[in-house]
Amino acid sequence: MKGLVSWKSDHLREEWDGEVEICVKQGSNINLVFSCTDLGEGQITLADTDEVQVVTSRFLYYGQQVATQVGVRGRFSQHADALVFEGAWTDPIDGTGEWKFTIDLDTDAMPELRHAAASTDKDATSGEERSFNDMLSPGQVTEWYPVDVEPARPGLYQVLLERQAGTVEYANWNGAEWSLKAPTANASSSIHPRMNAGTGDIKSWRGLTEAGAMALTW
């Protein structure tokens, strides 16, 4: 066994547990195959980063012929003897809402994972970035657009970079050019214009849907 996986629904007062059966580190990605007792088997590819990521997991229920494409968002944190992914699981055919989703990987058995993600202090993240990071679900973000397609309005967007395959970062579009988010030290951190789309660093971008914008309104 490579690790443990769990699903928990507070509103249903229900919890499911399973095992990570295969874990393979490939470059900047961690590929996982897992199972849930008496329920089904799944597969997910997560980026080797401590940034929040939004991905799709494949899950095949026992007795079904076609796998479900499940929306997952969350982040890794490094512990003494484990690499832990914590986030949310949203199954489109379930209809009961988000489940808390946790993957606990044994780094004693897989030392190659120990350097994957450093523990981060979420309180040190700016309010703007924290709201975009922590509240997203698959229905609240648009599809990925190539960088030569310009956003309709200025704002903060998720971007994929040519030099970091699979890693989601954040960039500001001012209506004319891109600038990447500087490393965040405190709530006063700002957009730092150290590169724009013309450099070729930004490969693609996505933003909030109307539902996402409404969800982040306070």
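Trainee: Is Asp48 buried or exposed?
Mentor: Asp48 is buried, because its relative accessible area is 18%. Buried means under 20% relative accessible area, exposed over 50%, partly exposed in between (1.4 Å probe, protein chains only). Keep in mind that this is a predicted model: local features need pLDDT of at least 70, side-chain atom pairs count only at pLDDT 80 or more, and totals for chains, interfaces and linings use all residues. Residues are numbered from 1 along each chain as its sequence is written, and side-chain values use heavy atoms, with hydrogens and water left out.

Trainee: What does Asp48 form a salt bridge with?
Mentor: Lys25, with the closest N and O atoms 3.0 Å apart. A salt bridge here is a side-chain nitrogen of Lys or Arg within 4 Å of a carboxyl oxygen of Asp or Glu.

Trainee: How many salt bridges in the structure?
Mentor: Two. Arg73 forms one with Glu98, the closest N and O atoms being 2.5 Å apart. This pair also links distant parts of the chain: Arg73 is in strand S6, Glu98 in the loop between strand S7 (82–90) and S8, 25 residues apart.

Trainee: Why does Arg73 count as buried?
Mentor: Because its relative accessibility is 12%. Glu98 is partly exposed, with 37%.

Trainee: New topic. Which residues gather in the patch of negative charge?
Mentor: Asp81, Glu86, Asp104 and Asp106, on the surface. Patches take residues with over 30% relative accessible area and no salt bridge; like charges are joined within 9 Å, nonpolar side chains (Val, Leu, Ile, Met, Phe, Trp, Tyr) within 5 Å. Asp104 lies in strand S8 (residues 99–106) and is partly exposed at 31%.

Trainee: And Ser204, what does it touch?
Mentor: Leaving out residues up to four places away in sequence, its contacts include Trp144, Tyr145 and Gln158. Contact means heavy atoms within 4.5 Å. Ser204 is in strand S13 (residues 202–206) and is buried at 10%.

Trainee: How many helices and strands in the protein?
Mentor: Two helices and 13 strands. Buried residues make up 44% of the 218 residues.

Terms used
Areas by Shrake-Rupley, 256 points an atom, 1.4 Å probe, with all protein chains shown as cover. Lys, Arg positive; Asp, Glu negative; His and termini not counted. Charge placed at Lys NZ, Arg CZ, Asp CG, Glu CD. Helix = DSSP H or I, 4+ residues; strand = E, 2+ residues; numbered from the N terminus.
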